[in-house]
Amino acid sequence: MIRFKTHRLREKTQGLYNFSDYKKASGKAFYGIAITILLLFVFIAITPILYLFFSSLKTLEELNSIHYTFFPKEWDFAKIGVVWTKVNFGQYFLNTFILVIGCVVCSIFFNALLAYGTAIVKPVGYKVIHGLVMLGYMIPTTLAILPLFLQIAALKDADGMPILMNTYWPLWLAYGANAYYYMLFRNHFEKLPVSLMEASSIDGAGNMETFLRVVLPLSRSIIGIVAIFSMTASYSDFLLPYLILQDDSKQTLMVKIFNLSSATTLDPSEFLLVLSLSIIPQIIIFILFQKQIMGSNANSGMKE
């Protein structure tokens, strides 16, 4: 392990701290202090999560006791299964999974398609479209919720019944019109070689065929980044799903947790366990894709 870390450090020749600095005594001291500070930050970051999980395994009497203990006196892991069945967690996880998959697909396809039009095809008026998207980017999301909800509720069938209420379609399409994802795709598409598009056009491919067979296969990295962002955002989204999904059988996990907070179905320790279970998928996603998440923020504004 030490040899591996030393080998990786020798490869570092740029930045604030490189291998030549590590050879000096002052450099080693700086390295040790930096590692200590980072470990302290890690401890501060994970302590609330551990506190939440350990508190959720405590009994109600132990949770309300004036004699505080960080760890539960008895580790009752069977409580997880009891709460899972009591809340019907599987149904709400399934609803959230359906929502997330649709949001990821729409986020990738529609935003990439619009970015392809303004960055590569460039039809008449593409600058106006790009300007409108940028103008929409300046409007806070919270301010757009009310007019968006009114439009969704106003769309009715011949019998006067709302068509999109209690469906996932408005939530999916809302993620398909995201200015940030559009800009990520557009910045990436502008870096693609123009010769590939010209070669595809010479071979007789249309714009849509070029988009599907040339542009998207060359954009797997940015597709992965947008998919991760969309996945985490849609999983934790609350306000619009709360307004649209009024049927309990279709509600997502975040909406159900909000409804449980005002109900008497669970005691405080069981509700803490619900919160602990709800954050596990996002923690797993971040651990698996942390390099893509952190790297995208650093490179989203760069252009070669």
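Which residue's side chain meets that of K86 in a salt bridge? The partner is E270, at 3.2 Å from N to O; a salt bridge is a side-chain nitrogen of Lys or Arg within 4 Å of a carboxyl oxygen of Asp or Glu. K86 lies in helix 5 (residues 78–87) and E270 in helix 16 (residues 268–299), so the pair ties together parts that are 184 residues apart in sequence. Helices here are DSSP runs of H or I with at least four residues, numbered from the N terminus. The count comes to four salt bridges.

The model is predicted, so local features need pLDDT of at least 70 and side-chain atom pairs 80 or more, while totals for chains, interfaces and linings use all residues. Residues are numbered from 1 along each chain, and side-chain values use heavy atoms, without hydrogens and water.

Note on methods: Helices (H or I, at least four residues) and strands (E, at least two) are DSSP runs, numbered from the N terminus.
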